[in-house]
Amino acid sequence: MRGTQVLIRLAELARLHLPMSGEIAEALQEVIASGIFVLGPRVEEFEQAFATYCGASFGIGVNSGTSALYLALLAAGVGPGDEVITSAFTFVATAAAIAHTGARPVFSDICGDSFTIDPADVAQRITPRTRAIVPVHLYGHPADMDAVAATARQHNIAVIEDAAQAHGAEYKGRRTGVLGDAACFSFYPSKNLGACGEAGMIVTSRADWAERIRWLRDWGEGGETAGCGNYRMGAFQGAVLAIKLRSLERWNAARQDVAHRYCRSITGRALQAPRTAEWAKHVFHIFAVRARSRDLVQAAFAARGIETRAHYPVPLHLMDRFAWLGYGAGDFPAAERAARETLSIPVHPALTGSEIEEVCEALRSVDRQS
Ligand SMILES: *Cc1c(COP(=O)(O)O)cnc(C)c1O
């Protein structure tokens, strides 16, 4: 027993970046020499490269994933008096961005297997005020987009993907980024593709949306629109992200390899491995097991020096900040169960072989003790 010292972490960002730090430093030197620190050619190159990677026509680089969501919602015409449907089980930013437009977030329950929005439940929550649906590709698993798109078409409303955890994930062979009217990515450092700082992007193939979002991102010059402001991406981040994009496929493959090894180590009854739908390419931003006694499992991992965390312990409809929406316990049973049972295990691409083996051993050991 090595006590409670953390040896295997949920992220190892220094370890991930050190092998490419020379290349990154060179690119940053070039930015310095150019004197262009905000937007400019490095950002434009990365916008084009990432949109092309997704299979979309346009990328608009912004300063965070939260800003990407906010601006995409504004492009959809969302504002006060509107309702926007999203998942009750996601990172807080998804619903906070909706509320920030003045619209009302309307929650929907999730499918227990994929942790993504339940399209049948979404269909039930449409009202004359519904302006958009924001499915979240949570943990790197795409939402069931055909069913969501069918509902959206029927009611003539927009679909905005929250793809902040799903760079390179696929739904029926198509990458996230092309599965709705627009998709929002975060490049927060620990995401599957991360900047060395804050950044985000809206990806779309709709020229009208791209033009509007570019305009909103930079103070809506010549107009006066509530919500426009400064959401520009810095040139350093564009330069770093262009370099790191070249490794995204390799890193996603590493995450999948690790995830498959973990899944093979879970054969007992104490843990339930995450499932991948047959139409999905899962990129495992997070590897979340379900455990009925989560605290005990977390303690067992901590005793082996393995860091774990619940993503996310409180579903959005039970957060104090969304109390004004009037939801209560029992409203979204699948989301509440996920919040109670899920535990994230280290799955990042910088894990060493012996670290992976150590985690597999911990999974086998916990699973045996049931
Ligand atoms: C990270 C994340 C965001 C927000 O991105 P930031 O870049 O941190 O603003 C939004 N939605 C989801 C699901 C996320 O994981």
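A salt bridge, as I use the term, is a side-chain nitrogen of Lys or Arg within 4 Å of a carboxyl oxygen of Asp or Glu.

**Ground rules.** I'm looking at a predicted model, where local features need pLDDT of at least 70 and side-chain atom pairs count only at pLDDT 80 or more, while totals for chains, interfaces and linings use all residues. Residues are numbered from 1 along each chain as its sequence is written, and side-chain values use heavy atoms, with hydrogens and water left out.

**Salt bridges.** I searched the whole structure and got 22 salt bridges.

I checked Glu-307 and Arg-309: their side chains meet in a salt bridge, 3.4 Å from N to O. Next I looked up their cover, where buried means under 20% relative accessible area, exposed over 50%, and partly exposed in between (1.4 Å probe, protein chains only). Glu-307 is partly exposed at 23%, and Arg-309 is partly exposed at 40%.

Then I took Glu-357 and Arg-261, whose closest N and O atoms are 3.1 Å apart. Glu-357 sits in helix α13 (residues 353–368) and Arg-261 in helix α10 (residues 248–265), so this pair ties together parts 96 residues apart in sequence. Helices here are DSSP runs (H or I, at least four residues), numbered from the N terminus. Glu-357 is partly exposed at 34%, and so is Arg-261 at 31%.

I also noted a salt bridge from Arg-232 to Asp-218, with 2.7 Å between the closest N and O atoms. Both residues are in the loop between α8 (207–217) and α9 (235–245), 14 residues apart.

**Whole chain.** I found that buried residues make up 56% of the 370 residues.

Key:
Helices (H or I, at least four residues) and strands (E, at least two) are DSSP runs, numbered from the N terminus.
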